[in-house]
Amino acid sequence: MTSARGGSRLWLWVVSSAVILLVSCVLGLMIGPAGPQWWRIPLELLDRIPFVNIDSGIAARDWTIVWQIRAPRVVLAAIVGATLSLSGASFQGVFRNPLVDPYLLGVAAGAGLGATLVFALGGSRPTDWLIDPLPLVSFGGGMAAVFFTYMVGTSFGKTRSNISLVLAGVAVTSLATAIQTFVLQRNNDVVRQVYAWILGRLSSATWGDVRLVLPYVVVSTVVLLMHRRLLDVLRVGDDEALALGTNIRRVRLIVVLAATLGTASVVAVSGLIGFVGIIVPHAVRLIVGASYRKVLPLSVLLGGAFLVLVDIPSRVLSDPAEIPIGVVTAFFGAPFFLLLLRTRETSS
Amino acid sequence: MTVLGFCELRVTYGDHVAVESYNDILHSGEWVCVIGPNGAGKSSVLRAAAGLIDYTGSVAVDQKEIPATSARWRAQHIAFVPQSPLIPHDMTVEEYVLLGRNPYIPYFGVESASDREIVVDVLHSLDLEGFERRKLATLSGGEIQRLVIARALAQQAPVLLLDEPTSALDIGHQQHALELVDRLRRERGLTVVSAMHDLTLAGMYADRLILMHQVVAWRKEARPKC
């Protein structure tokens, strides 16, 4: 009886978060430089629902702006925000450390090194290539760095694998950053491009980017969400979780791999967008408590909504230029988080 | 029937020897109390049996050597109550006791109705009815102690290992908790191994006492052969 009540409350949260995500996406489609009048866009969207007929009065050319430029950007922002939040929450679960972010085991540094190499070796015209090598190489770099971290970190014996894994991540990050700096020093001309990549970008999003990341993100999301109960078991510590019959090493390996797969794939198309992976899961915890059964699904939905929303000011505030999304996430996210923290502290 | 057997158990942490040639054979429904000062190796004996540390020699449950078993099999056969359990403060009582059903739930599965019924039963037998929705942060020390025992009982394992189960409690609560374990032992035929400080309490409940002194076990009766 009691548990049924808890379950239905979770569904209530999931449904309201899904509505928030949907509203954010519609807002994201409505606001932006150029394109049709904002209020016509929801009408056009309704018109596209089967059996609904509304004349929105949008010209085909205007709709192209919305559908080919804004829509992929909104969808990509939702995917990136959802994936970073979910990966962050999962990493925090397996390492039982709320300060951990999805870049902990070197994925960001590895991807950054990959991107730097593409800019440095490919020169200024990587678009000449048949396939854009940037996402592929940065994805490969991120995965390789975490693989390396895992091999080194788990080779010290099982007793300290948790700490040694994190330390190995620190070492691999430093190494990759050092190589990246060296390459940058030798290739001054690409510093600007690499810097822009590091600050994160959604501005050049296309449906191609969405198609590129979607398979990886779907696999990663499904696997991580299926671990929500086991992450709750890990909350009592390694020893007790083991005594309760959990194969901790297997859980940790699968969760780290799945979270890395998701993170590396979104980093490959959007660069480094910090902050989301820590702040969104925390905000969710402040609202619904620390159980991963709630934190994981809500991080997906609200992480997506958060990045879609903060992407709006990033493209309109300094029109026609863009503010890097990483700057906006911190600029709007940090005060919001502090406010939430303060309200919760006071009310409890 | 032999449920739990130790043979020439030796536990080391680096160069430090914690337990040396520990032998014992426990039958169904038996309660053995390991007593001794801090650092005598009591906890190490229990942790070896729970599969939490490496050792040499042999520890077997139902004739199966501990290292050869999976974590899931062990948790179905041995329930371990740690000395200082980690308490996630915003978990509810029901969620916490449900963790004891973990060894029966498939990897990607969720708790079934029968798991929840078992939790209701266990909470009833430990006088924790009506606590289901309470957050752990709101419980007293004595209630937490009973809750951790409740989680272990939800595992429905034939062997119960208690590592200083009552050290955080006052004398009244200590006795209450141990009486509870004793009652369950009689009702369900549990085999209990507990590590304890308090000689009086240990003498009141245990069938046999084993004194750990400077990593070696001493006892009144003859040392069992293995």
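**Loop between β4 and β5, chain B**

I began with B:Gln63, which lies in the loop between β4 and β5 of chain B. The model is predicted, and I read every value below as computed from it. B:Gln63 has a positive phi of about 65° although it is not a glycine. I looked up its surroundings and found 8 C-beta neighbours inside 10 Å; exposed means 12 or fewer, so B:Gln63 counts as exposed.

I then checked B:Asp62, which is found in that loop between β4 and β5 as well. Its phi is also positive, near 50°, and B:Asp62 is not a glycine either. Is B:Asp62 buried, exposed or partly exposed? I noted 15 C-beta neighbours inside 10 Å, so B:Asp62 counts as partly exposed.

I took the flanking strands next. β4(B) and β5(B) form a hairpin with 2 residues between them. The two strands pair in the antiparallel sense over 2 bridges, with β4 covering residues 56-61.

**The open sheet of chain B**

I followed the hairpin into its sheet. In what order do the 4 strands of the open sheet run? I read β2-β1-β4-β5 in chain B, with antiparallel pairing. The edges are β2 (16-27) and β5 (64-65), each of which pairs on one side only.

On the other contact of β4(B), I found strand β1 (residues 2-13) pairing with it in the antiparallel sense over 5 bridges. In this pairing B:Phe6 has B:Val59 of β4(B) as its bridge partner.

**Helix α1 of chain B**

I checked burial in helix α1(B), residues 42-49. I counted 8 of its 8 residues as buried, so the helix is largely enclosed by the rest of the structure. The buried set includes the charged-type names B:Lys42 and B:Arg47, along with B:Ser43, B:Ser44, B:Val45, B:Leu46, B:Ala48 and B:Ala49. Just after the helix I noted B:Gly51, with a positive phi of about 75°.

**Strand β7 of chain B**

I did the burial check again for strand β7(B), residues 159-163. Here 5 of the 5 residues are buried, so the strand is largely enclosed by the rest of the structure. Which residues cover each face of β7(B)? I found B:Val159, B:Leu161 and B:Asp163 on one side and B:Leu160 and B:Leu162 on the other, all buried.

I then looked up its pairing. Strand β6 (residues 78-81) of chain B runs parallel to β7(B) and is joined to it by 4 bridges. One of the partner pairs is B:Ala79 with B:Leu160 of β7(B). Strand β8 (residues 191-196) of chain B pairs with β7(B) in the parallel sense over 5 bridges. There I noted B:Val159 with B:Thr191 of β8(B) as its bridge partner.

**Contact between the chains**

I turned to where the chains meet. The contact takes 24 residues from chain B and 19 residues from chain A. On the side of chain B, the elements giving two or more residues are α2 (71-77) and α3 (93-98). The largest share, 5 residues, comes from α2(B). By class I read 13 nonpolar, 3 polar and 8 charged residues on that side of chain B.

**Chain A overall**

I counted 14 helices and 0 strands in chain A. How does its radius of gyration stand against that of a compact globule? For 348 residues the globule would be near 20 Å, and chain A has 21 Å, which agrees. The C-alpha trace spans about 65 × 65 × 40 Å along the principal axes.

Buried residues make up 48% of the 348 in chain A. Of the contacts in chain A with a separation of 6 or more, I noted that 77% are accounted for by residues 24 or more positions apart.

**Helix α3 of chain A**

I ended with helix α3 of chain A, residues 60-94. At 1.5 Å a residue, its 35 residues should span 51 Å; I read 49 Å between the end C-alpha atoms, which agrees. Where does α3(A) bend? The bend, about 35°, is at A:Arg70, and the proline A:Pro72 follows within four residues. After the helix comes A:Arg96, whose phi is positive, near 45°.

Conventions
Residues are numbered from 1 along each chain as its sequence is written. Chains are lettered from A and ligands numbered from 1 in the order in which they are written. This is a predicted model: local features need pLDDT of at least 70, side-chain atom pairs count only at pLDDT 80 or more; totals for chains, interfaces and linings use all residues. The radius of gyration is taken over C-alpha atoms; the globule rule is 2.2 Å times the number of residues to the power 0.38. A residue is buried if 20 or more other C-beta atoms lie within 10 Å of its own, exposed if 12 or fewer, and partly exposed in between; C-beta atoms are placed from the backbone. Two residues are in contact if their C-beta atoms, placed from the backbone, lie within 7 Å. The expected span of a helix is 1.5 Å times one less than its number of residues. The bend at a residue is the angle between axes fitted to the seven residues ending there and the seven starting there. Two strands pair if DSSP finds at least two bridges between them.
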